[in-house]
Amino acid sequence: MTALTAGRHTLSKAQRRTASRAGFGLLMTLFVLASMFPFYWIIITSLKTQSEVNQGTTSLLPSHITWSNYVTDLTKADFVRPLLNSAIVALSTTLLTVVIASLAGYALARTQMRGKTLILGFILVANFFPIIAMVGPLFIAYRRLGLLNSYPALVISCLIYTLPLATWLLASYFSQIPKSLEEAALVDGSGRLRTLRKVIMPVALPGVFTAAILSFMLTWNDFTFALSFMSTPSKFTAPLAIVNLGQSQYQTFYNLIDAAVVIISIPIALIVIFAQRRIVTGLTAGSFR
């Protein structure tokens, strides 16, 4: 009787575990579907004709799939220029971020000082400071320096997004690299910068790639700084160009706007798909101190 009761208890426990896993899986499925639905709606709207959009249809599938909206954005609307502008700003910011953050992160990782943990914490907190609060002082400074409506102003501003996060990440990553590697190079007569470039950076490539990818993604999606400092339409970045895309005096062409949103999202989606393992590796490798 006791064995039978124990068997029932074990079976009941296994059933509860199975039910719990099934419930968790169902909950996560619903969460993923709810999170992806807005982007799915953008995609299907970008594939609809203007007449179908004007009807106000709420169908989950377009009655007639058309790629004309993408063709219009890339040809008649000249959306290629804002994409190139975004690429210039994002790549420039990423390059500067990697160089500066590598030097700062290496110095913080190897320098013995009091309160280093507090400094790293302050650097990370600075990344979450409200961006809109910085627009006013930066606008005044750029106006006096003659940098308004220029790419250097946008690149410098985007460093506020990228530099704190990249510095904190690389400082944590460099601290995991054994000091014996650079000490051997220093004994052989190599300088600090040469040691960093030739010895440390090759070992820290996962962290460097992670910092570069995150910096590119943050800069590519920037809207606040571009809206605040850029005034010439030919210099607009892609997120800012969407504001004027598909607008007329009497109508808003949502299918053109959504097609542009999909185009902007493609580079970020490709980066996440093909570099997700490297991103996770870089984030987790420097998380233990």
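**View 1. The salt bridge between Arg81 and Asp78**. In this predicted model, the structure holds 1 salt bridge, and the pair that forms this salt bridge consists of Arg81 and Asp78, whose closest N and O atoms are 3.7 Å apart. Arg81 has a relative accessibility of 44% and therefore counts as partly exposed, because that class lies between the limits of 20% for buried and 50% for exposed. Asp78, with a relative accessible area of 38%, is likewise partly exposed.

**View 2. The packing of helix H4 against helix H7**. Two packed helices are described by the angle between their axes and by the distance between the axes. Helix H4, which spans residues 80-110, packs with helix H7, which spans residues 151-174, at an angle of about 35°, and the two axes are 6 Å apart. The crossing in which H4 passes H7 is right-handed. Where H4 is in contact with H7, the residues of the contact divide into 18 nonpolar, 8 polar and 1 charged.

**View 3. A nonpolar surface patch that includes Met28**.

Terms used: Residues are numbered from 1 along each chain as its sequence is written. This is a predicted model: local features need pLDDT of at least 70, side-chain atom pairs count only at pLDDT 80 or more; totals for chains, interfaces and linings use all residues. Side-chain values use heavy atoms; hydrogens and water are left out. Patches are made of residues with over 30% relative accessible area and no salt bridge: like charges are joined within 9 Å, nonpolar side chains (Val, Leu, Ile, Met, Phe, Trp, Tyr) within 5 Å. Accessible areas come from the Shrake-Rupley method with a 1.4 Å probe; for residues, only the protein chains shown count as cover. A salt bridge is a side-chain nitrogen of Lys or Arg within 4 Å of a carboxyl oxygen of Asp or Glu. Axes are lines fitted to C-alpha atoms, for helices over the stretch in contact, and angles run from 0 to 180 degrees between N-to-C directions. Helices (H or I, at least four residues) and strands (E, at least two) are DSSP runs, numbered from the N terminus. A crossing is left-handed if the near helix is turned anticlockwise from the far one by less than a right angle, and right-handed if clockwise. Ala, Val, Leu, Ile, Met, Phe, Trp, Tyr, Cys and Pro count as nonpolar, Asp, Glu, Lys and Arg as charged, and the others, Gly among them, as polar. Buried means under 20% relative accessible area, exposed over 50%, partly exposed in between (1.4 Å probe, protein chains only).
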